[in-house]
Amino acid sequence: MTQLKDKLSEKIQAHRPRTARLTKEFADIVIDKVDIGQCMGGARDIKCLVTDISSLDPQEGIRFRGKTIPETFAALPKAAGSAYPTVESFWYFLLTGEVPTQAQVDEVVAQWKTRQSVPPYVFDVIRTLPRDSHPMAMLSIGILALQRDSKFAAYYNSGKFNKTNAWEQVYEDASDLVARIPVIAAFIYNLKYRDDKQIAIDPKLDMGANFAHMIGQSEEYKDVARMYFILHSDHESGNVSAHTTHLVHSALSDPYYAYSAGLSGLAGPLHGLANQEVLSWTMKFQEKYCKGVEPTKELITKALWDTLNSGQVIPGYGHAVLRKTDPRYMSQREFCLKTPGLKDDPLFKLVSMIFEVAPGVLSEHGHTKNPWPNVDAQSGVIQWYYGVKHWDFYTVLFGVGRALGCMANITWDRALGYALERPKSVTTDMLEKWAAEG
Ligand code: NMX
Ligand code: MLT
């Protein structure tokens, strides 16, 4: 047992009576009602998922284990010589809800090193794909390929499966997966964009720093990676990638099956792919409207209306839950403002100008419930500035971060014995009957 697994076990034992009591004594207490609008409208706002890993307030934004983003960054032990925490310390925090000591962080860093070696067959599988396959397809397939070595699946098939202990094997797979996914992501990056010039793991580096090293990035990018993976980790449980992972794992499919499916959801343009769409939109805007002229608010307004009038969404704006500017957007914006060079970067200035204009245009358009930017409106600018210019890779970066939240969640799902997810469907006839009855 490691200190992290010990602590997690202690937390799980302490939590289980709360779950058992709610299930046994209070199952009949009504907490929500469902109307036809929600039934037809993507189950928006229906309260029927449970998680303690993070919680999303429409006005305030995300809290990880009760802490806002600035509180999280301030509380966690920092990487050596850095203003940002290591991803490993955040993992400890997400799983246990406790801020780790430096010694506890060091142990997780050391643990991940023993887990991060990716079996060669995973790379072989990715290599067989056409080189112009989307990197998200490559990542999802790479994660699925790891299923062969699932400890949870082996345990399930061992004939000794015990529901009470099953979380331990999910934890093992989850820890392997979060340690390995940056290595697979770096492999895909090098395969696609650096003529397959692969860079070996540096065993001295923490996860974020090693990812920067493996894609041939600068010293400064180490903090970008740490910040980026932490910010994208979790957004409570109803978003497409987290919900998919939870749903698939609820059938006792192992963490590799579950997260490969979650990544497929993240690859949608209304979800994680929006970060590449933002860059693509911005570049097309420059090409079409700014030939030889500086971007202006008037040009941006025209381009936004052209997009809306052609029936497309403005990528990076709007949200299913948030009703204010996403604090993940603000956190990345603050990073840009305090980074010399980035602060004056033309692309950052352009994205800032869009931030000044788009909410007004979207409000006037009158469709979206939230005209403010989400996480994806800002993330590509930082990557672009540091030379990660292949924007179809941006969702892969999101997927590396999101693994932390999804894996922490399903470890707890198993620990608390959450049920197979199986909502009830209704027919249009039924809805029409209920509608007629009022
Ligand atoms: N541009 C234009 N129209 C929009 C936008 C937008 N950015 N956001 C919402 N709408 C429209 C939406 O299409 C819908 O139109 P209609 O009534 O014609 O069907 C209407 O506004 C109401 O939608 P909402 O209830 O405000 O939003 P919903 O919860 O359905 O969808 C998103 C949320 C995030 C899918 C939506 O805001 C959107 O498509 N945004 C652009 C894509 C994006 O940035 N996605 C990333 C989300 C964050 N992430 O990383 O996952
Ligand atoms: C996310 O981070 O998953 C997105 O903001 C989408 C969501 O929360 O629905």
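This tour goes through a predicted model, stop by stop, with something to select at each one.

**Stop 1: the hairpin**

Select residues 54-57, strand E1, and residues 61-64, strand E2. The two strands run antiparallel and are joined by 4 bridges. Together E1 and E2 make a hairpin, with 3 residues between them. Now pick out leucine 56. Its bridge partner in E2 is isoleucine 62.

**Stop 2: helices H6 and H7**

Move on to residues 120-128, helix H6, and residues 135-145, helix H7. The axes of H6 and H7 come within 9 Å and cross at roughly 145°. The crossing is right-handed.

Show side chains where the helices meet. On the H6 side, select Tyr121, Val122, Val125 and Ile126. They meet Met138, Ile141, Gly142 and Ala145 in H7. Colour this contact by class: 7 residues are nonpolar, 1 is polar and none is charged.

**Stop 3: helices H12 and H13**

Next, select residues 240-250, helix H12, and residues 255-266, helix H13. Here the axes come within 7 Å, and the crossing angle is roughly 150°. H12 is therefore roughly antiparallel to H13. H12 passes H13 in a right-handed crossing.

Which H12 residues meet H13? Select Val240, Ser241, Ala242, Thr244, Thr245, Val248 and His249. Across from them in H13 are Pro255, Tyr257, Ala258, Tyr259, Ala261, Gly262, Leu263, Gly265 and Leu266. Colour by class again. This contact of H12 with H13 has 10 nonpolar and 6 polar residues, with no charged ones.

**Stop 4: ligand 1**

Centre the view on ligand 1. There are 21 residues around ligand 1. Which of them come nearest? Select Ala274, Gly318, Ala320, His367 and Thr368. Then show the whole shell around ligand 1. By class, the shell holds 10 nonpolar, 9 polar and 2 charged residues.

**Stop 5: ligand 2**

Keep Ala320 selected, one of the residues that come nearest to ligand 1. Ala320 is also among the residues surrounding ligand 2. Now centre on ligand 2 and complete its shell.

Notes:
Residues are numbered from 1 along each chain as its sequence is written. Chains are lettered from A and ligands numbered from 1 in the order in which they are written. This is a predicted model: local features need pLDDT of at least 70, side-chain atom pairs count only at pLDDT 80 or more; totals for chains, interfaces and linings use all residues. A residue is near a molecule or strand if its C-beta atom, placed from the backbone, lies within 6 Å of it. Two strands pair if DSSP finds at least two bridges between them. Axes are lines fitted to C-alpha atoms, for helices over the stretch in contact, and angles run from 0 to 180 degrees between N-to-C directions. Angles under 35 degrees count as roughly parallel, over 145 as roughly antiparallel, 65 to 115 as roughly perpendicular and the rest as oblique. A crossing is left-handed if the near helix is turned anticlockwise from the far one by less than a right angle, and right-handed if clockwise. Two residues are in contact if their C-beta atoms, placed from the backbone, lie within 7 Å. Ala, Val, Leu, Ile, Met, Phe, Trp, Tyr, Cys and Pro count as nonpolar, Asp, Glu, Lys and Arg as charged, and the others, Gly among them, as polar.
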